[in-house]
Amino acid sequence: NLSQSTKGGWISMLEHYFVAAWVPNPEETNQLYSMVANNLGVIGAQAPQASIAVGESKTFGATFYAGPKDQESLGQIAHGLDLTVDYGMLWFISQPLFWLLQAIHSFVGNWGVAIIAITVLIKGLLFPLTKVQYESMAKMRNLKPKIDELQARYKDDRQKMGPAMMELYRKEKVNPMGGCLPMLIQLPIFLALYWVFVESVELRQAPFMLWITDMSVQDPYYVLPVLYG
C-alpha cells in the first residue's frame, strides 16, 4: 500500500542479484504507489500532470535500469539506489567491508582468495578482543570448583549466594561478562561480512579453484563444509 509523494525518488523490484528500477525526473515531485492488478503486484511512479498548449512541444524524461546490482553504477543513477543491495540494518558496516573486499580482489584477482584474505585480516584485527574473550572463559573454568562450592553452601539462601559470588569474582579479578562482551562487539562485524558475501553479485559465477566454479552456489560435493567441520 505504498502511496508517497517525494521529490525525485525511485521505485524498484528486486531479485537476488538483479534489480529493475524506474527513476523519474529528480527535479519533480512524484507520486510513488503500489497496487494489485489481475493478481499481479504493480509498483510505479506518477509524474505531475503537465499541460501542453496547441502547437507546443515538450519532452518528458525518466531512467529505467534493469541489470545486476552493481553498487557503483546504481549509486550514479539515483541517490540511494545502491541500497537495493540490501545489507539490512548493518549496511553501514557492510559497505566499508565490501569496499575492502574489492580492494583485496584488485590485488589477488580471485574472489575466493579475497574472501579468505578479508576473513583472516578481520580476525587479526579483532584478535585482542578474542584474546580477552578466551582468557575470561579460561578464568571462569578455573573458578568452577569454587563456584560449585558456594552454590552448595548457599543453595538454600539465594540472598547470600549473590554477594558471595560477586566477592569471589572481585577477589579473583574475574568479570563474568568478560567472555560475552567481546563476542557482542565481534558479532555485528561478522554478520555484516556474511551479508556482503550473500548480496555481492560479483561472486555470481566467479570461479575459485578446482571444482568450485561459482562462488554464489553451494559446494556440490560438500567438501568445504566437511573441511570446516
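Two strands are taken to pair if DSSP finds at least two bridges between them. Helices (H or I, at least four residues) and strands (E, at least two) are DSSP runs numbered from the N terminus. The model described here is predicted, so local features need pLDDT of at least 70 and side-chain atom pairs count only at pLDDT 80 or more, whereas totals for chains, interfaces and linings use all residues. Residues are numbered from 1 along each chain as its sequence is written, and side-chain values use heavy atoms, with hydrogens and water left out.

Five bridges link β2 in the antiparallel sense to strand β3 (residues 18–23), and a hairpin of two residues joins β2 to β3. Within this pairing, Ser12 has Ala21 of β3 as its bridge partner, while Ile11 stands opposite Trp22 in β3. On its other pairing, β3 runs antiparallel to β6 and is joined to β6 by six bridges, with Val19 opposite Gly67 in β6.

Strand β4 (residues 29–37) pairs with β5 over seven bridges in the antiparallel sense. β4 and β5 form a hairpin with two residues between them. Asn38, in the loop between β4 and β5, has a positive phi of about 55° although it is not a glycine. Asn38 is also exposed, with a relative accessible area of 74%. Leu210 likewise has a positive phi, of about 50°, without being a glycine; Leu210 is found in the loop between α6 and α7 (223–228) and counts as exposed at 68% relative accessibility.

Turning to the helices, two packed helices are described by the angle between their axes and the distance between the axes. The axes of helix α4 (residues 127–153) and helix α6 (residues 181–199) come within 8 Å and cross at roughly 145°. The crossing of α4 past α6 is left-handed, a term for a near helix turned anticlockwise from the far one by less than a right angle, with clockwise giving right-handed. Leu129, Thr130, Val132 and Gln133 of α4 meet Pro182, Met183, Ile185 and Gln186 of α6, where contact means heavy atoms within 4.5 Å. By class, this contact has five nonpolar, three polar and no charged residues; Ala, Val, Leu, Ile, Met, Phe, Trp, Tyr, Cys and Pro count as nonpolar, Asp, Glu, Lys and Arg as charged, and the others, Gly among them, as polar.

A nonpolar core is a set of buried Ala, Val, Leu, Ile, Met, Phe, Trp, Tyr and Cys residues joined through side-chain atoms within 4.5 Å. The largest has 18 residues, of which Leu97, Leu101, Ile118, Ile122 and Val196 touch the most other members. α2 (91–108), α3 (111–125) and α6 are the elements that give two or more residues to this core, and α3 gives the most, with five residues. Leaving aside neighbours within four places in sequence, Leu97 is in contact with Ile118, Ile122, Ile189, Ala192, Leu193 and Val196. A second, separate core of nine residues includes Ile147, Met161, Ala164 and Tyr169.

Ser94, placed in helix α2, counts as buried at 0% relative accessibility. Apart from neighbours within four places in sequence, Ser94 is in contact with Tyr87, Ala192, Trp195 and Val196.

Methods: Axes fitted to C-alpha atoms, helices over the stretch in contact; angles between N-to-C directions. Buried < 20%, exposed > 50% of the residue type's maximum accessible area, 1.4 Å probe, protein only.
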